[in-house]
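Here is a briefing on one structure.

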Amino acid sequence: MPERTSSGFGRLLITVYGIFALSATARAGVQIATRFSEAPLPYLLSALAGVVYILATVGLARSGPGARRLAWGAVGFELAGVLVVGALSVFDAGDFPDDTVWSEFGRGYGYIPLVLPLIGLWWLRRTRSR
């Protein structure tokens with residue numbers, strides 16, 4: 001049986017994911033509701049990031065094989081997203097007139113969006129069945 005992802009250090013990780021889920025979703029909601037026409041791609045990508053953070057939070061907080069699969073998928077997608085969006089926002093800045101959570105590899109959030117999935121994947125691997 002795998003170790004619970006929600007115990008020990010996992011509680012801190014879940015808290016950070018929950019904060020990012022709330023902040024990214026709220027920010028995207030306000031941007032989409034008030035200024036969508038100014039930068040639709042970044043605002044939709046921020047909303048996607050918010051959904052991914054919600055899924056990661058739920059996957060890490062719950063127990064069982066389904067929750068672990070959800071966490072692996074969400075955190076893996078998050079890492080891919082921050083790398084792809086980060087690179088695109090650096091090399092093709094014209095498509096990003098406003099920042100997303102993942103722009104420039106999470107620069108606007110202290111690069112936490114770049115580091116967080118690495119820590120999440122490490123934690124999932126550390127708490128796997130032995």
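Glutamate 38 is exposed, at a relative accessible area of 52%. Exposed means over 50% relative accessible area, buried under 20%, and partly exposed in between (1.4 Å probe, protein chains only). The model is predicted: local features need pLDDT of at least 70, side-chain atom pairs count only at pLDDT 80 or more, and totals for chains, interfaces and linings use all residues. Residues are numbered from 1 along each chain as its sequence is written, and side-chain values use heavy atoms, with hydrogens and water left out.

**Salt bridges**

- The structure holds four salt bridges. The term requires a side-chain nitrogen of Lys or Arg within 4 Å of a carboxyl oxygen of Asp or Glu.
- Glutamate 38 pairs with arginine 35, and their closest N and O atoms are 3.4 Å apart.
- Arginine 35 is partly exposed, with a relative accessible area of 31%.
- Arginine 35 also bridges to aspartate 98, with the closest N and O atoms 2.9 Å apart. This pair links distant parts of the chain: arginine 35 sits in helix α1, aspartate 98 in the loop between α3 (65-91) and α4 (112-126), 63 residues apart.
- Aspartate 98 counts as partly exposed, at 22% relative accessibility.
- Another salt bridge joins arginine 107 to aspartate 99, where the closest N and O atoms are 4.0 Å apart.
- Shared partners join Arg35, Glu38 and Asp98 into one network of salt bridges.

**Packing of α1 and α2**

- Two packed helices are described by the angle between their axes and the distance between the axes.
- Helix α1 (residues 9-35) packs with helix α2 (residues 40-61) at an angle of about 155 degrees, and their axes are 8 Å apart. Therefore α1 is roughly antiparallel to α2. That label applies to angles over 145 degrees; under 35 is roughly parallel, 65 to 115 roughly perpendicular, and the rest oblique.
- Axes are lines fitted to C-alpha atoms, for helices over the stretch in contact, and angles run from 0 to 180 degrees between N-to-C directions.
- Helices are DSSP runs (H or I, at least four residues), numbered from the N terminus.

**The α1-α2 contact**

- Residues of α1 in the contact include Leu13, Tyr17, Phe20, Ile32 and Arg35. Among their counterparts in α2 are Tyr43, Leu44, Val51, Ile54 and Leu60. Contact means heavy atoms within 4.5 Å.
- The contact residues divide into 17 nonpolar, six polar and one charged. Ala, Val, Leu, Ile, Met, Phe, Trp, Tyr, Cys and Pro count as nonpolar, Asp, Glu, Lys and Arg as charged, and the others, Gly among them, as polar.

Conventions
Helix = DSSP H or I, 4+ residues; strand = E, 2+ residues; numbered from the N terminus.
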